[in-house]
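Here is a friendly walk through one protein model. Please have your viewer open and follow along.

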Amino acid sequence: MRIALLGGTGDIGEGLALRLAYDTPHEILIGSRDPEKARTKAGEYETELDSRGVETTIKGFENEMAADRADVVVLAVPPYHVGDTVEAIADKLDEDDILVSPATGMKRDEDGFHYHKPGAGSVTRIAAAAAPEGVAVVGAFHNLSADRLANLDAELGVDTLLVADDEDAKEIVELIADGIEGLRPLDAGGIANAPEIEALTPLLVNVAMNNEGMHDLGVRFE
């Protein structure tokens, strides 16, 4: 399967790109508004993987071109760019394509980070509202530490919660996530449940900031 990571030059994009290329057989594409930046980062990811004995080809493209070539498109962009990004690539998506949204809205004050719930209810809902008819949206990878993902020496041992209104699309993303060693995907229902999942991220950030040795904090349900 061909997976495009739009915003794949950022922190969460890098972590997912490296883990997916390291642990799974999927073809990984890096998307960016700047195609040269995408190609540069793709080369850096290849070099890192090659140093670990993994021979793979990761290609970099402008976001629209990456989306056009992919079966699954991960919106690894800031929450305030999710809607615009989906609209920009809409005519490149086919009905059987899947959009994956890992973004969560946060704001910070002197007390710490807080969930910034958008008017649509969740960032996942924003992606779903902007998606062309027939293109499924799955919320996934919200509460993961980008640093922990990108450190291929680190064991994950964490869960990711999946929400979608299309059960077939959710199952495909579940299989992709399950291919990453140490990451367990769990079904959390429909997109209506996305706010509860997205709100976990600022909680984890606050705990990590206030407790020594918890920089790469994740969640595990037992």
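## About the model

This is a predicted model, in which local features need pLDDT of at least 70, side-chain atom pairs count only at pLDDT 80 or more, and totals for chains, interfaces and linings use all residues. Residues are numbered from 1 along each chain as its sequence is written, and side-chain values use heavy atoms, with hydrogens and water left out.

Helices (H or I, at least four residues) and strands (E, at least two) are DSSP runs, numbered from the N terminus.

## The sheet

Let us start with the strands. An open sheet is formed by 8 strands with mixed pairing, in the order β3-β2-β1-β4-β5-β8-β9-β10; two strands pair if DSSP finds at least two bridges between them. At the edges lie β3 (59-62) and β10 (183-187), each of which pairs on one side only. From one strand to the next, the twist averages 25°.

With β5 it pairs in the parallel sense over 4 bridges, and Ala136 in β8 is the bridge partner of Ile98. With β9 (residues 158-164), β8 pairs in the antiparallel sense over 2 bridges, and here Gly139 stands opposite Val163. Ala136 and Val138 point one way from β8, while Val137 and Gly139 point the other way; all are buried. Buried means under 20% relative accessible area, exposed over 50%, and partly exposed in between (1.4 Å probe, protein chains only).

Which residues of helix α4 (residues 82-89) are buried? They are Val82, Gly83, Thr85, Val86 and Ile89. They cover an arc of only 165° around the axis, so they sit on the same side of α4; the arc is that of the directions from the helix axis to the C-beta atoms. These buried residues pack against β1 (2-6), α3 (63-69), β4 (72-75), β5 (98-101) and α5 (123-130), where contact means heavy atoms within 4.5 Å.

The axes of α4 and α5 come within 9 Å and cross at roughly 25°. Axes are lines fitted to C-alpha atoms, for helices over the stretch in contact, and angles run from 0 to 180 degrees between N-to-C directions. The two helices α4 and α5 are therefore roughly parallel to each other (angles under 35 degrees count as roughly parallel, over 145 as roughly antiparallel, 65 to 115 as roughly perpendicular and the rest as oblique). On the α4 side the contact is made by Val82, Gly83, Val86 and Glu87, and on the α5 side by Val123, Ile126, Ala127 and Ala130.

## Helices α1 and α2

Helix α1 (residues 11-23) packs with helix α2 (residues 35-50) at an angle of about 45°, their axes being 10 Å apart. That is why α1 and α2 are oblique to each other. From α1, Glu14, Ala17, Leu18, Ala21 and Tyr22 meet Lys41, Tyr45, Glu48 and Leu49 in α2.

## A loop glycine

Is Gly121 buried or exposed? Gly121, found in the loop between β7 (112-115) and α5, counts as buried because its relative accessibility is 14%. Not counting residues up to four places away in sequence, Gly121 touches Tyr115 and Pro195. Its C-alpha atom is separated by 9.5 Å from that of Asn193, 72 residues apart along the chain.
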